Amino acid sequence: MSKINSKLASVNGVNRRQFLATTAKASCVMGMVGLGLTTVSTQSRPLDPFAIRPPGALPEDDFLSACVRCGLCVEACPYDTLKLARWFDGAPTGTPYFTARNIPCEMCDDIPCVKACPSGSLDQKLDNIDDSKMGIAVLIDEKNCLNFRGLRCDVCYRVCPLIDKAITLVLQRNEKSDHHAMFLPTINPDLCTGCGKCEHACVTEQAVIKVLPRHIAMGKAAAHDTYQHTEETTLEMLNKGLSL
Amino acid sequence: MNIKHSNSPKSATRFANAAVNELGWWGAHRFLILRRISQLSVLSLFAIGPFLGLWLLKGNLSTSLLLDTIPLSDPLVTLQVLMSGHWPEISLLLGAVIIVGIYALLGGRVFCSWVCPVNIVTDLASWIRRKLSLPRTSEIPKNLRYYMLGLVLILPILTGVTVWEWLNPVPVVYRAILFGAGSGLWVLAVIFLLDTFVVERAWCSHLCPTGALFSLIGKVSPIKIAAIRAEACNNCMDCFTVCPERQVLKPVLKKGSIQPFILDSDCTLCGRCIDVCAPRVFQYTNRFNSNNSNRIPLKVESKL
């Protein structure tokens, strides 16, 4: 092709062949970059599945799409509970989380972290801190729990802001001594806010009670499971039996 | 082996020596110094909050709250959130609108040269390149940043997550300083090495999607740099050497150009061309300044 011809066949000095080649190259590069980024982001999500989010946080996936990682909630927290995740911390970089064992949530009545959130990744509709679901406390190690060993530790129960609601002590006969009671800390997942005060206060070297994110702590019955209302049906059957 | 510009009489002398002699040291470094002061001031306004308890600005460059009332948000971050399918609180959207308004007025890439902390690192890399006379090893297309911008906005649609915020160096630097998240600074190290040893001005001028978006926003800006005395240009090439987007200078310095304004919105309005130019060719001005628009074509050109 002569120079004049190639000039004629071009826009802004780029001919069709160059244009197609550049576009193809750029698309490939962008594809690779996009794939890499997506891989990094989705791979590192499960690195810290135990990161506890601030009060009112949306479910993890929605939270990650909404959070702008500005740190306003962190700066609003009067107790330095919230931290912004750093690279290699596990939780997605720049997103807020807290480690209950270090500093638990103090459950402020005015919930300043939620008020500070500009993106709505912390649900602005949360107006009662007792309704927050940061996670759920789970007595994860009965073997080392002092109460399960027949002692009266009760620390987790006593520090709970919702004492006798979120954590109750359930009495049970101590089979070892045969004449003592065991006071077993028992969590009501419907009421537990996941503030982490129990985990923070647990006296053992490693906490035997831990706050887990809701999706890890909670099981889910299958939809076809007919035993979901066992209590009700049993009562019904009994009542029927009695009436006979 | 060491090939210097054969047509430049001052190749052996220090860069922009003529400007220093003509305008004095301050005159030849004004906008560089002012920009550094500006960049560090913005950072300081954020930092005095967590460090000294003076909360003028809360948050970081992603989103912040000025004096506890005025929201300011990075438009790219806001767009990503929208693309991920989440409708944010009104304050985030308002913050983005305010920022877009400010930079539409001042010039989009004023952000890049006067606010963005990454600019300090890439300018350092560029300075080192010049000092060591490192050869250009490879070139990448300038418009790759628009592909990056597209990618950054498409990925949230595909993944439902603001993927780019894992890496975005602008908030990474701010978070590193304000929230002690220093481990993210590896991103800066990568950019520094890339800029110094691989491609000249690779990050800011070729790849950064934030810069690309601000460039688009700046298209309507009235504030421009103009070559008001293009006829005085002595082709010393100092402005080309120092300009991070040297392609924007060509149209105004080209012989016969009657257009004095640098209209290309890739111009970061850093003012370094004003600094290093001994014949005082360039000046900050606005697009409507009619004093500049009646420029006559150069004598050389009238023959053509």
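The pLDDT is the predictor's confidence in each residue, on a scale from 0 to 100. The model is predicted, and the complex as a whole receives from the predictor an ipTM of 0.74 and a pTM of 0.76. In chain B the average pLDDT is 81, with 90% of the residues scoring at least 70. Among the elements of chain B, helix 11 (residues 209-217) has the highest mean pLDDT, 92, whereas helix 15 (residues 299-302) has the lowest, 46.

Two stretches of chain B have a pLDDT that stays under 50, and they are set out here with their contacts beyond four places in sequence.

| Stretch of chain B | pLDDT | Contacts beyond four places in sequence |
|---|---|---|
| residues 1-12 | under 50 | 6 contacts |
| residues 297-304 | under 50 | 7 contacts |

Chain A is divided into domain 1, covering 47-133, and domain 2, covering 135-218, and the centres of these two domains of chain A, taken over C-alpha atoms, are separated by 24 Å. At their interface, 16 residues of domain 1 of chain A are in contact with 25 residues of domain 2 of chain A, and the area buried between the two domains is about 1500 Å², of which carbon and sulfur atoms give 59%.

Across this interface of chain A the rule finds 11 residue pairs in polar contact, both residues being at pLDDT 80 or more. The side of domain 1 of chain A that touches domain 2 of chain A has 10 nonpolar, 2 polar and 4 charged residues. The rule also finds 1 salt bridge across the interface of these domains of chain A. In chain A, E106(A) forms a salt bridge with K197(A), with the closest N and O atoms 2.9 Å apart.

Terms used:
Residues numbered from 1 in each chain as written. Chains lettered and ligands numbered in written order. Predicted model: local features only at pLDDT ≥ 70, side-chain atom pairs only at ≥ 80, totals over all residues. Heavy atoms only, no water. Domains from an automatic or database assignment. Contact = heavy atoms within 4.5 Å. Buried area = accessible area lost by both parts, 1.4 Å probe. Salt bridge = Lys/Arg side-chain N within 4 Å of Asp/Glu carboxyl O. Polar contact = N/O pair within 3.5 Å; in protein donor to acceptor, adjacent residues only side chain to side chain. Nonpolar A, V, L, I, M, F, W, Y, C, P; charged D, E, K, R; others polar. Helix = DSSP H or I, 4+ residues; strand = E, 2+ residues; numbered from the N terminus.
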